[in-house]
Amino acid sequence: MNHSSLKSLSQKPSFIIANYVLLTFYGYFSIGLTLAVLPIFIHQQLGFNTVIAGAVISIQYIMTFLMRAYAGHIVDNRGPKPAVIASMICFLLTGILLITSFTLADKPLLSLSILIISRLVTGCGEGMVGASPVNWAMLRTGEKHTATAISYNGIANYSSMAIGAPLGVWMAGYFGNWSLGALTIATAIIGLLTAVRKPALKGDQDTPRKPFLKVLRTVSPYGSGLALAGMGFGTLSTFITLYYAFNRWNQAAICITAFSLFFVLGRLLFAKSINRFGGLRVAIVSMAVESMGLLILWLATNPHIAVLGASFTGLGFSLIFPALGVEAVSRASASNKGSALGAYGLFIDISLGVTGPLIGLVAKGLGMNYIFPFSMAMVLIGLVTCVILKENTGREIDTAMDLTTDNP
């Protein structure tokens, strides 16, 4: 490929977006690296029960929840660059804390305490990086590429976990748990250097901004559907290793990889369907597919069927975030896009934060066999929520058309 062809490729919106959401890949790779290792480490090595294991994993999302609003404020006022740089520094600290926690495994309470701190710092990093690269990409390419930017951002997110989860299990087994902290540090340094070299961009500084709570109220109907759908992913990502251990199966990380690969496949094959059919319609179909995947996981009699269920779950969940996100962001002004994405992202944080302890209680009270039917029920409630939103939106359009007809 000659120089002019490379230059032409680098100016395409899809290439520009991919270049920015690579920062999302670095951030979520750091998160995914320990995803299949920490539940086993907490439960089997440190000796704490499934409720504690789920709560420690999920505590990350509490900090992510708290940081979303702050990150949105930074993005709207100072641009995405400072938020991304802050996130990479957080992941750097996470790596150091992970090494410390793993080293102190012979002192369970101290190790767990440091691990909790690392989860909080990780949540801070996730909150700052969650919507910042996609906003950065949107500032470069324009609002008309919102659906593409959100879709690519999700591809970077879940492909990083598809690679990170099995790699983390392999590294922990071959080199030891400490190696996960070392790779987290290296990844954070690469992400930090990448972010520093990119140009600083800001959004519309002239249009008055709404308070974050008003923006949150605007996006909340769509965020609620996202939160309910997110419980399927949260259950799988947090408890699949314990579910496999309960059934005496091996290689649980393959389920996370299958979920992530089909998630990415769904984004690549069907991303244009959002603009073609509308976000709510796509979300409804997606939740139906996700529910089917959770049903298969529930009824699985061997690990091969479980991988099939994880694949359907990933395929179904793949378009829910961008489908409902396009609907949510379209209702925010140009000066509030960063806050709108941040507020919308809060709902997946709430979902994942609640899922850990809630599903842990389900597992402890009813048994591990009930975790997937419970999360499937939550996703189906999300489907009903989206159906109601679609009907209400249709009535609003009909009312607006009637007013236009009556008042020419």
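**Reading cavities and surface**

A: This is a predicted model, and its largest cavity holds about 330 Å³ of space.

Q: How many cavities of 30 Å³ or more does a search of the whole structure find?

A: Rolling a probe the size of a water molecule over the atoms shows where empty space is left. Here the search turns up three cavities of 30 Å³ or more.

Q: Which residues lie nearest the centre of the largest cavity, and which elements give two or more residues to its lining?

A: Of the 24 lining residues, Tyr-28, Asn-157, Tyr-158, Phe-321 and Ile-348 lie nearest the centre. Two or more residues each come from α2 (13-32), α4 (50-78), α8 (146-174), α11 and α16 (337-365). The largest share, six residues, belongs to α8.

Q: How do the lining residues divide into nonpolar, polar and charged?

A: The lining of the largest cavity has 15 nonpolar residues, six polar and three charged.

Q: Now the surface: which residues form a nonpolar patch there?

A: Leu-261, Phe-262, Leu-265, Leu-268, Leu-269 and Phe-270 do, with about 580 Å² of accessible area together. Phe-270 lies in helix α11 (residues 253-270).

Q: How many residues apart in sequence are Glu-391 and Leu-280?

A: They are 111 residues apart in sequence, and 9.8 Å apart in space, C-alpha to C-alpha.

Key. Residues numbered from 1 in each chain as written. Predicted model: local features only at pLDDT ≥ 70, side-chain atom pairs only at ≥ 80, totals over all residues. Heavy atoms only, no water. Patch = residues over 30% accessible without salt bridge, like charges linked within 9 Å, V, L, I, M, F, W, Y side chains within 5 Å. Areas by Shrake-Rupley, 256 points an atom, 1.4 Å probe, with all protein chains shown as cover. Salt bridge = Lys/Arg side-chain N within 4 Å of Asp/Glu carboxyl O. Helix = DSSP H or I, 4+ residues; strand = E, 2+ residues; numbered from the N terminus. 1 Å grid on protein atoms, 1.4 Å probe; cavity = no way out; pocket = protein on both sides within 12 Å on 5 of 7 lines; lining within 4 Å. Points joined across faces, edges and corners; volume = space filled by probe spheres on them. Nonpolar A, V, L, I, M, F, W, Y, C, P; charged D, E, K, R; others polar.
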